[in-house]
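Here are my notes for a first look at this fold. Please keep the model open as you go through the points.

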Amino acid sequence: MHELSLLQALVEQVTELAQKEGFSQVVEIRLGVGQRSGVEPDCLRLCFAEAAGDTALAGAKLVLEETPLELRCTACGQSCFPDVEADLFCVGCGSSATQIVRGRELCILELDVQ
């Protein structure tokens, strides 16, 4: 379960930020989870308390926001939001010459701190 190691890295980042910015407690953390990130949201929820331990994140509310898959077609220039299970073809022209713009990330969107 790689979600635990991802959360442990996130806790380290927030702990460093807490020391730098001078806050002691995170009340809520909002994470953006891309549809194609390879991260299972339910596993994040299950592992969060364990990863938070006795850090500034202990007892914080975890809010997950799914980031949709967005493609940009290099053939026609169109941006599209295909079904996450679909092949990565442009919905406009059908080209396979697409680049993922969003949808693979796992990132902190917002921290509510004390």
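1. Start with helix α1, residues 2-21. In this predicted model, α1 lies across β1 and β6. Its direction makes an angle of about 45 degrees with β6.

2. Now take helix α2, residues 41-52. This helix lies across β1, β2 and β6. It runs at about 165 degrees to β2.

3. Which strand order does the open sheet of three strands have? The order is β2-β1-β6, and the pairing is mixed. The edge strands are β2 (61-67) and β6 (106-113), each of which pairs on one side only. From one strand to the next, the twist averages 20 degrees.

4. Look at β1 and β6 in detail. Strand β1 covers residues 26-34 and runs antiparallel to β6. Seven bridges join the two.

5. Strand β3 (residues 70-73) pairs with strand β5 (residues 98-102). They run antiparallel, joined by four bridges. Here Cys73 stands opposite Thr98 in β5.

6. Strand β3 also pairs with β4, residues 79-80. The sense is antiparallel, over two bridges. Arg72 has Ser79 in β4 as its bridge partner.

7. How many residues lie between the strands in the hairpin of β3 and β4? There are five.

Notes:
Residues are numbered from 1 along each chain as its sequence is written. This is a predicted model: local features need pLDDT of at least 70, side-chain atom pairs count only at pLDDT 80 or more; totals for chains, interfaces and linings use all residues. Side-chain values use heavy atoms; hydrogens and water are left out. Two strands pair if DSSP finds at least two bridges between them. Axes are lines fitted to C-alpha atoms, for helices over the stretch in contact, and angles run from 0 to 180 degrees between N-to-C directions. Contact means heavy atoms within 4.5 Å.
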